[in-house]
Amino acid sequence: MDFTMQDFEDNGNHKPDIKSMTLAELEEELANRGEKRFRARQMYEWMHVKLARGFDEMTNLSRDFRAWCGEHYRYTALEQIQMQESRIDGTKKFLFRLADGNMVESVWMRYKHGNSVCISSQVGCRMGCRFCASTLDGLERSLTASEMLDQIYAITIATGERVSNVVVMGIGEPLDNYENLLRFLRMLTDENGLHISQRNVTVSTCGIVPKIRALADEKLQITLALSLHATTDEKRKKLMPIANRYSIRELMDACAYYFAQTGRRITFEYSLVGGVNDTDEDAGELSQLAAGIGSHVNLIPVNPIKERDFVQSEAARIQAFKNKLEKNKINVTIRREMGRDIDGACGQLRRKNLAARDAASMPV
Ligand code: SAH
């Protein structure tokens, strides 16, 4: 991969974003400025292991050098503006403000096997999935690698507990922010940083075929989750505009390619929408698609958003759908609904706050 310094520059102040630099890049950057190599390692550790929130916390660097860094580099950090904790399962939902005032959501979940964080990859989304709250206002901008890392860092600091799993399933389409996502994945799993195992990282996509293939060629050991949600192109187009661009056939080919390149099984995400995609026939077709590439199916009872009139399938229907898949020997789970009491669905918390902000700034 080739990155130019432009990738790190923000339009506002043109200072390079130091937290988005890999260790090798930081070494080169500081060497070019006449600094010793070990400085880069020290700084990298402050940023990505000790999770410093600014240059001032880097106490083994001289005051002068810290001041110089502040003049030359942008140091991203998130401001936590809200945290909701579920009384049902302890899930915590965070709303963060970015340096430019935009907001993103992240979720912390505790599982038996460790703590998992769900992060956002963009501010808003332009994919337009009909049931999703994150896309209602379109895309504002993509996040930098540092802003994706910052969500995990801020939550680690806030909870005081190590994060072992990361899912890129919050606001945004990660493959629509491909270069930054890749940089983020490399830094997150780098042994010089948090060193999260690639196998504990999942990236969820609505299905941008050329990017699935490009990601496959990177041969990472991460899990790819595909938001399928329908088994025919006709039905999928009604739920997801991206289906007008890529057919299910092309998607399955790309998934098979991902498996061939990485040896990692794909997860199909399938949100059950009452009366839309939850019949026995749907389950039969889904079984065929899943068997075709040996994937795992994750059923998600749709989380209704007030802007749309989709309803959840009845509990009995969800169970029958699952049974049918199991009968067809498909590996299937129903996603546990974490944090239902705290605006669990992606994008709902951010939207609520945007609405409140707009109302507050409206002339009376
Ligand atoms: N853009 C990525 C990741 C975003 S959301 C993607 O499309 O995969 C993560 C998952 O939640 C996706 O499968 C998405 O389709 C699903 N999702 C979004 N809103 C939902 C809702 N209201 N109810 C159920 N699932 C939803």
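In which loop is K219 found? Select K219 and you'll land between α6 (209–218) and β9; helices here are DSSP runs of H or I with at least four residues, strands are runs of E with at least two, and both are numbered from the N terminus. Before we move on, some housekeeping: this is a predicted model, in which local features need pLDDT of at least 70, side-chain atom pairs count only at pLDDT 80 or more, and totals for chains, interfaces and linings use all residues. Residues are numbered from 1 along each chain as its sequence is written, and side-chain values use heavy atoms, with hydrogens and water left out.

**Two lysines with a positive phi**

Stay on K219 for a moment. K219 isn't a glycine, yet its phi is positive, at about 55 degrees. Most residues other than glycine have a negative phi. K219 counts as partly exposed because its relative accessibility is 47%. On that scale, buried means under 20% relative accessible area, exposed means over 50%, and partly exposed is in between (1.4 Å probe, protein chains only).

Now jump to K329, in the loop between α10 and β12 (331–334). K329 also has a positive phi, about 65 degrees, without being a glycine. With a relative accessible area of 75%, K329 is exposed.

**Helix α10**

Next, select residues 315–327, which make up helix α10. How far apart are its end C-alpha atoms? They are 18 Å apart, which agrees with the 18 Å that 13 residues should span at 1.5 Å a residue (the expected span is 1.5 Å times one less than the number of residues).

Colour I318, F321, K322 and L325: these residues of α10 are buried. They cover an arc of only 95 degrees around the axis, so they sit on the same side of α10; the arc is that of the directions from the helix axis to the C-beta atoms. An α-helix has 3.6 residues a turn, so residues three or four places apart point the same way. Turn to the other side of α10 and you'll find A316 and K327 exposed.

**Helix α3**

Zoom in on C69, which belongs to helix α3 (residues 63–72). C69 is buried, with a relative accessible area of 0%.

**The ligand**

Time to select the ligand. How many residues surround the ligand? There are 17, and the closest are E173, S204, S227, H229 and N303; a residue belongs here if one of its heavy atoms lies within 4 Å of the ligand. This shell divides into seven nonpolar, eight polar and two charged residues. For that tally, Ala, Val, Leu, Ile, Met, Phe, Trp, Tyr, Cys and Pro count as nonpolar, Asp, Glu, Lys and Arg as charged, and the others, Gly among them, as polar. Highlight β8 (201–205) and β10 (267–272), each of which supplies at least two residues of the shell.

Now for some distances. An N or O atom in the side chain of S204 is 2.6 Å from an oxygen atom of the ligand. A side-chain N or O atom of S271 is 3.0 Å from a ligand nitrogen. From G172, a backbone N or O atom lies 3.0 Å from a nitrogen atom of the ligand. On its own the ligand has 530 Å² of accessible area, and the protein covers 94% of it (Shrake-Rupley method with a 1.4 Å probe).

**Two last stops**

Select T231, in the loop between β9 (223–227) and α7 (233–239). T231 is buried, at a relative accessible area of 9%. Its side chain makes a polar contact with the side chain of E285 at 2.6 Å; a polar contact is a pair of N or O atoms within 3.5 Å, and within protein one must be able to donate a hydrogen and the other to accept it, while residues adjacent in sequence count only if both atoms are side-chain atoms.

Finish at S20, in the segment before α1 (23–32). Is S20 buried or exposed? S20 counts as buried, at 3% relative accessibility. Its side chain reaches the backbone nitrogen of S146 at 3.0 Å.
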